Each structure stands twice: as structure tokens, then as C-alpha cells.
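Trainee: I'm new to this one. Can you show it to me and talk me through the charged pairs?
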Amino acid sequence: MKTMKLTMITSALLAHSAAFAEVTAITNATLHTATAEGVIEGATLLIENGKIKAINPNNVNADVTIDASGKIITPGFIGSMNQLGLVEVGAVAASRDAGDDAAGIDFDASTAFNPRSSLIAYARKGGVTQNLVTPWGGKSEFAGLGFVVDLSGTFDSVTDRQSALVIHLGAKSEGSRAKSLDNVVKKLASHQEKQNKKDDKDKAKPTAEEQVLTQVLAGEMPVIASVSRASDILEVIKVKERFGLDLIIKGANDAVLVADELAKANVPVILSAVSNLPSSFDSMHASLDNAGKLEKAGVKVILSIGGDGSHNVYQLRFDAGIAVANGMSHAGALKAITANPAAALGIDGGVIEVGKRADIVMWSADPFEFSTTIDKIWINGEEVSTESRHDKLRDRYTTDSDMPRAYTK
């Protein structure tokens, strides 16, 4: 019996390996690479073993060949700063897993991620292939750990469980923003001092919180600070410089006032391209042209969906189009939803380059145009469906049937 089980397992693995080793060639494509190569016309792209094997090879030996004449190929888009897979219906408390009163530095919500959420397939229809899921946190300034997922819908789609530490700073409904920042500084300073004093005699196993702080202070884990007011951004940059943090600013509606400082400090900014009105006294300079201004100042911009990003990450390409319409370059907007988040968060993907993860989208035309549709999408080298619950509902209620309208044969 044991031999039979091993044989069956071996056969299954070999079958899977053989299927995965299939080489796909996309020919006559217009590649928007999101790299220094820019746009490559009439290109051939080879995909094998989940990776981009070659671009314009001398010889093409493929199991599947797809003619992309008249099509545009981009890297898969990367969403961020949402609770995709941690929430189904925002108004239903039992379907929300992104926060807890007791959440803190080591809060890891990735074990609650649902890859079969109906929101996943809908996001894929917008060309999104990977996403940084972030927690709401709890009562602490430290919201917890963001994690990276792909949108394949498979049960192994969490690709990195501790991708970034998220902290909430700036305006508070109760208390002072000064105290919040002070709490963060004291926590970092305390752990740094403990590390400096530690010797070989101290071999106690570090706590989960201490492990996170050690990675943060070593610059091995990015810190995403939610903050919008210009003066607060400058204070957080000081914290970055004091502790050597790998810092990312999220929100940043007033970032245009300190764009030069952000560029000099090499701090990426995550913002919404459609934030055009002040939502608080911290965001008096919210404007549709902020993304373009920051790009021109040399700041690495990452576009994210404002408000309910979990249900609306599908709209990422439309926000990029709005950014282009208001002064951002087309290439810059593409990088803001592909290469830039990949680089800032250490994600494999976001570019069309040999050796990189094959997250690829084939579009009918410019993906930033409203009428453009997806022809095909590959995640980790495998073609996945673009059908969502919305399509199924449309078909259900438009199919001719003798049965009541709520049913189909």
C-alpha cells in the first residue's frame, strides 16, 4: 500500500511538472516592459516554468503560440494598501478579519486570507495579479504586518507573509499625533538599545514582536507609515534617518510640499490618483495632479485605490489613466502600478524582463482607456480565468429560460 501511494504521488508530481514546463510563446506583441527598455514593438515573449524565459529569441520552440497582433502586453498590476481576501462584505462584521483591538507589531492576518473570495476574481478583471494586503490593526499605532498574495485563487497564493510593518500616524480623533510618533520612536529606540547590549550570554529566544523590530531596524522589512500632512512627513523622514528604516509613506496628500525632501531621502509614496479634495486638515493639498508633480520631482510613486480598495482594486488602471490625464507620464503611471510597488516591497514581478515572474496581461488596447478589455492573463506563468461573479450574475439574469428569471436551465 505504501509503495502504491508513493507511486501515485510521484506520478502526480511528474504530471504537474510536465504541465508546468509547457512553453508559451506570445508573438507579434507590443510589450510595455515597465523597465528601461520601454516599449518593444513586434516582440516575441517566451514563458516557461512560471518565468519569462526570453524576449525576442533567435529560435522559438513553444508548445503554445499566441498571436498578439494589435494587442498590448503589460506586466500584471500590483495592488496595495487594501484588505483583499480579509473582507467580503464591509457591513458584515463576521466577514472582516483585518483588525483586532489587541493587534500590534506582530499582528499577522495572513492566516485569515481567503483566496476564494469573490473579490479576487473581480480584481483580476482589472489586470491585477499581485497585491499587498494590509491590516487595519487595533488601538496601537502599529497596525501589524502586510503580506503579499497573488490573485490565482489557489490555496497557496500567499507568497510572502511578512512583507511590511504598517503604522498609523498623523491626525487622531482622540489624543495627540505627537504622542503617537513618540510611541513609535520609543519602541524603536528601546529595541535598538537592547540589541546593542545583547551578548552571547543572552540567548533567550526573541519574541515575535522583537523579530519584527530586528528586521525593521536592519532595513530588511519596509515600514509603511500612513501620514498625509507635510510637517508630519518631515518628522517621519527624521525617524527614517535616525534608525536607518526602509520607509514608505502612504496617503501623502500634502507630499507635493516636501517632494524634494522625499526624493532626496529616497522615500516612495503611495497615494490615490483621484484624491482631489481635502478630506481633513491634513490633506489641504489633495489634487489630481499630485502624482505627476511627484514623478517630475523624482519621487517613486505607487498608485493605490483610495477608500474601499478591497472592493475597488479593479479600478487601478482607471486611476492610472486619470493620473496620466493630469500630468503623469504614461510610462510613469504604468510603473506606479507595476515596477515601483514591486521594487519598494521586494515583490518578484512588476516588469517584463528575462528571469522575472511571468505575471502578464494581454489587452485589447491601452489598458488605461475605459473601453479596453483583457484578452488573456497569466499569473506565475499559468493562464487564469477572467470570469468573475459579476459575469455569472449577468449570464444568470439574461439567459432565455422557461424558468423564473432568477434561475437558468
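Mentor: Here is a short tour of the salt bridges. This is a predicted model: local features need pLDDT of at least 70, side-chain atom pairs count only at pLDDT 80 or more, and totals for chains, interfaces and linings use all residues. Residues are numbered from 1 along each chain as its sequence is written, and side-chain values use heavy atoms, with hydrogens and water left out.

Trainee: How many salt bridges are there?
Mentor: The count is 17. A salt bridge here is a side-chain nitrogen of Lys or Arg within 4 Å of a carboxyl oxygen of Asp or Glu.

Trainee: Which residue pairs with Lys71?
Mentor: Asp375 does, with the closest N and O atoms 2.7 Å apart. The pair links distant parts of the chain, 304 residues apart. Lys71 sits in the loop between β4 (64-67) and β5 (72-75), and Asp375 in strand β15 (residues 374-379). Strands (E, at least two residues) and helices (H or I, at least four) are DSSP runs, numbered from the N terminus.

Trainee: And what about Arg357?
Mentor: Arg357 forms a salt bridge with Asp150, at 3.0 Å between the closest N and O atoms. Those two are 207 residues apart, with Asp150 in strand β8 (residues 142-150).

Trainee: Is Arg357 buried or exposed?
Mentor: Buried, at 9% relative accessibility. Asp150 is buried too, at 7%. Buried means under 20% relative accessible area, exposed over 50%, partly exposed in between (1.4 Å probe, protein chains only). Lys71 is partly exposed at 24%.

Trainee: New topic. Where are Asp182 and Lys186?
Mentor: In helix α3 (residues 177-197), 4 residues apart, so about one helical turn separates them.
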